[in-house]
Amino acid sequence: MDTFFETMGMFASAMGNDCTFCHVKEAYFDKTAFAQVTPKMLRARQMLTMMKDLNEKYFAGRTRVTCFTCHGGSNAPRSEPDLALQYGEAVEDPNARDFPWIRGSRASRSSTSTCRPSAAPTASRS
Ligand code: HEC
Ligand code: HEC
């Protein structure tokens with residue numbers, strides 16, 4: 001991941017939600033409120049560590065497993081296969097979205113999230 005805000009955007013889209021899924025609602029109006037730590041942020045930090053471990057141990061350090069790999073737009077990844085999907089008719093998903101930045105370590109576009117603060121810092125957190 002190239003920049004911090006791309007990471008935040010990916011967090012948000014992987015969870016199928018917006019920034020305030022993890023951050024306090026006040027962050028909409030007051031950028032400094034993003035720093036307020038919430039239980040979801042603590043959970044997200046654990047997830048980040050887990051994701052790094054997986055990639056380091058099993059995928060030669062490549063960013064192969066991402067938040068989206070498991071979450072796929074949901075905050076509760078499924079544990080069981082979907083029988084309807086398995087035995088039903090194949091359907092093309094017209095809403096399937098492509099997330100170029102999960103293909104490799106280089107981000108190729110930035111988030112389109114609406115609650116991104118205008119003065120986004122670009123400090124690299126790779
Ligand atoms: C899945 C949870 C999650 C989502 C969704 C999320 N964030 Fe975060 N955010 C975090 C975590 C965790 C941190 C703390 C990072 C760290 O450990 O330093 C953070 C930190 C931040 C900070 C730095 C706060 C500070 O000053 O310390 C900003 C700004 C921020 N996020 C903006 C955003 C924006 C904008 C979005 C929506 C595009 C977003 N976040 C979506 C989890 C999330
Ligand atoms: C290997 C699979 C996997 C990966 C990778 C993963 N997660 Fe998770 N995550 C889960 C599972 C499973 C849960 C538990 C959901 C539940 O309890 O239903 C969860 C729960 C969460 C929760 C709590 C959701 C809630 O409703 O309280 C947050 C936040 C979260 N993940 C963020 C992230 C972020 C951010 C990343 C990427 C850094 C990530 N996860 C990567 C599997 C994963």
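Predicted model: local features only at pLDDT ≥ 70, side-chain atom pairs only at ≥ 80, totals over all residues.
Ignore its neighbours within four places in sequence, and Cys-67 is in contact with Met-10, Phe-11, Ala-14, Met-47 and Met-51.

**Stop 1: the nonpolar core**

Which residues make up the largest nonpolar core? Select Phe-5, Met-8, Met-10, Phe-11, Ala-12, Ala-14, Met-15, Cys-19, Cys-22 and Cys-67, and you have the ten residues of that core. Helix α1, residues 4-14, gives the most to it, with six residues. This kind of grouping has a general background: in soluble globular proteins, nonpolar side chains tend to be buried together.

**Stop 2: helix α1**

Now colour α1 on its own. Its buried residues are Phe-5, Met-8, Gly-9, Met-10, Phe-11, Ala-12 and Ala-14, and they pack against α2 and α3. Next, click on Thr-7, which also sits in helix α1. Is Thr-7 buried, exposed or partly exposed? Thr-7 is partly exposed, because 18 other C-beta atoms lie within 10 Å, while a buried residue needs 20 or more. Try the distance tool from Thr-7 to Cys-67: their C-alpha atoms are separated by 10.0 Å, although the two are 60 residues apart along the chain.

**Stop 3: helix α2**

Select residues 39-58 to see α2. From its first C-alpha to its last, this helix of 20 residues reaches 29 Å, close to the 28 Å expected at 1.5 Å a residue. How many of the residues of α2 are buried? The number is zero, so α2 lies largely in the open.

**Stop 4**

Move on to Ala-60, in the loop between α2 and α3. Ala-60 has a positive phi of about 50 degrees although it is not a glycine. Ala-60 is exposed, because 8 other C-beta atoms lie within 10 Å and a count of 12 or fewer is what makes a residue exposed.

**Stop 4: around ligand 2**

Select ligand 2 and show what surrounds it. The shell has 16 residues, and the closest are Met-47, Cys-67, Cys-70, Asn-75 and Ala-76. You have already met Cys-67 and Met-47, which are in contact with each other. Which helix supplies the largest share of the shell? That is α2, with six residues. Both α2 and α3 (67-71) supply at least two residues each. Colour the shell by type and you will find eleven nonpolar, three polar and two charged residues.

**Stop 5: the whole chain**

The pattern along the sequence is α-α-α-α, with four helices and zero strands. Of the 126 residues, 12% are buried. Among contacts between residues at least 6 apart in sequence, 56% join residues at least 24 apart.

**Last stop: confidence**

Finally, colour the chain by pLDDT. The mean is 79, and 75% of the residues reach 70 or more. Comparing the helices, confidence is highest in α2, at 97, and lowest in α4 (residues 83-87), at a mean of 80. Then select residues 102-126, where pLDDT stays under 50.

Definitions and conventions: Residues numbered from 1 in each chain as written. Chains lettered and ligands numbered in written order. Near = placed C-beta within 6 Å. Nonpolar A, V, L, I, M, F, W, Y, C, P; charged D, E, K, R; others polar. Expected span 1.5 Å × (residues − 1). Core = buried A, V, L, I, M, F, W, Y, C linked by C-beta atoms within 7 Å. Contact = placed C-beta atoms within 7 Å. pLDDT = per-residue confidence, 0-100.
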